[in-house]
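Hi everyone, and thanks for coming. Please take a look at the structure on the screen, and then I'll walk you through some of its details.

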Amino acid sequence: MRRRTTAVALAAVAALAAGGCGSNNQSVRSDGSPSASEKQTRFDKRAAKIEAEWPEVSAVSGRPDDMLPLEDASPPGSDDTTFEVAVGHGACDEDFGVHVKESEGYVVVAGWAKPKDVDFCTDQLLIDDVEVELEQPLGDRTVVDAATGKDLLEK
């Protein structure tokens with residue numbers, strides 16, 4: 001009887017994982033955060049700190065959903081106003097995207113994710129490309145990952 005219960009539980013886990021937790025139906029936007037008044041405040045403070053202290057900036061502690069480290073970035077040209085970053089997020093996140101803060105010398109970016117309210121989900125990292133839209137061409141500005149404090153385009 002115990003083996004049957006285990007098999008049924010494993011089948012239920014597989015069905016949940018295959019049936020929507022990691023679906024590709026997430027809407028992705030790069031216009032800020034799900035709740036600009038609450039969640040972007042930490043990002044704005046972090047961006048200001050980076051602008052004032054970079055390159056002497058340490059990584060944020062933990063992995064807060066409103067300031068996720070970026071996995072990679074496609075190098076844009078200096079005349080480009082868009083480029084892509086790879087945002088790592090959970091398989092059951094309801095939504096995800098990227099924060100962007102531009103200044104004269106920097107473009108500060110960070111991923112964000114909004115978790116779904118679910119009873120069960122796999123502990124799995126998905127990585128999706130998100131387009132970053134700039135108000136001005138990149139020029140010679142440094143692109144900094146807000147979560148790590150590092151130059152995102154430096155290889």
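Let's begin with a charged pair. Lysine 114 and glutamate 94 form a salt bridge, with their closest N and O atoms 3.6 Å apart. By salt bridge I mean a side-chain nitrogen of Lys or Arg within 4 Å of a carboxyl oxygen of Asp or Glu. Because lysine 114 lies in strand β5 and glutamate 94 in strand β4, this pair ties together parts that are 20 residues apart in sequence. Lysine 114 is partly exposed at 33% relative accessible area, and glutamate 94 is partly exposed too, at 40%. For these words, buried is under 20% relative accessible area, exposed is over 50%, and partly exposed is in between, using a 1.4 Å probe and protein chains only.

Before going on, a word on where this comes from. This is a predicted model, in which local features need pLDDT of at least 70 and side-chain atom pairs count only at pLDDT 80 or more, while totals for chains, interfaces and linings use all residues. Residues are numbered from 1 along each chain as its sequence is written, and side-chain values use heavy atoms, leaving out hydrogens and water.

Now the overall layout. The protein has 2 helices and 7 strands, and from the N terminus the order is α-β-α-β-β-β-β-β-β. Helices (H or I, at least four residues) and strands (E, at least two) are DSSP runs, numbered from the N terminus. Of the 155 residues, 35% are buried. Among contacts with a separation of 6 or more, 74% are between residues 24 or more positions apart; a contact here means heavy atoms within 4.5 Å.

Back to the charges: how many salt bridges does a search of the whole structure find? There are 4 salt bridges. Another one joins aspartate 66 and arginine 42, whose closest N and O atoms are 3.1 Å apart. Aspartate 66 sits in the loop between α2 (36-53) and β2, and arginine 42 in helix α2, so this pair ties together parts 24 residues apart in sequence. Is aspartate 66 buried or exposed? At 8% relative accessibility, aspartate 66 counts as buried, whereas arginine 42 is partly exposed at 44%.

A further salt bridge stays inside one helix. Glutamate 53 pairs with lysine 49, with the closest N and O atoms 3.9 Å apart. Both lie in helix α2, 4 residues apart, or about one turn of the helix. Glutamate 53 has a relative accessible area of 36% and lysine 49 has 39%.

Next, the inside. In soluble globular proteins, nonpolar side chains tend to be buried together. A nonpolar core is a set of buried Ala, Val, Leu, Ile, Met, Phe, Trp, Tyr and Cys residues joined through side-chain atoms within 4.5 Å. The largest one here has 17 residues, and those with the most contacts inside it are Phe83, Val85, Val109, Val132, Val143 and Leu152. Strands β2 (70-73), β3 (82-90), β4 (93-102), β5 (106-115) and β6 (125-133) each supply at least two residues of this core. A second, separate core has 11 residues, including Phe43, Val57, Tyr106 and Ala147. Leaving aside neighbours within four places in sequence, valine 109 is in contact with a list of residues that includes Phe43, Phe83, Val132 and Asp145.

That last name deserves a stop of its own. Aspartate 145 is in strand β7 (residues 142-145). A polar atom of the aspartate 145 side chain does lie 2.9 Å from the backbone nitrogen of alanine 147.

Finally, some loops. Proline 55 lies in the loop between α2 and β2, and a cis peptide bond joins tryptophan 54 to proline 55, with omega about 15°. Glutamate 104, in the loop between β4 and β5, is exposed at 81% relative accessible area. Valine 118 lies in the loop between β5 and β6, and its C-alpha is separated by 8.0 Å from that of cysteine 92, 26 residues away along the chain.

Methods: A polar contact is a pair of N or O atoms within 3.5 Å; within protein, one must be able to donate a hydrogen and the other to accept it, and residues adjacent in sequence count only if both atoms are side-chain atoms.
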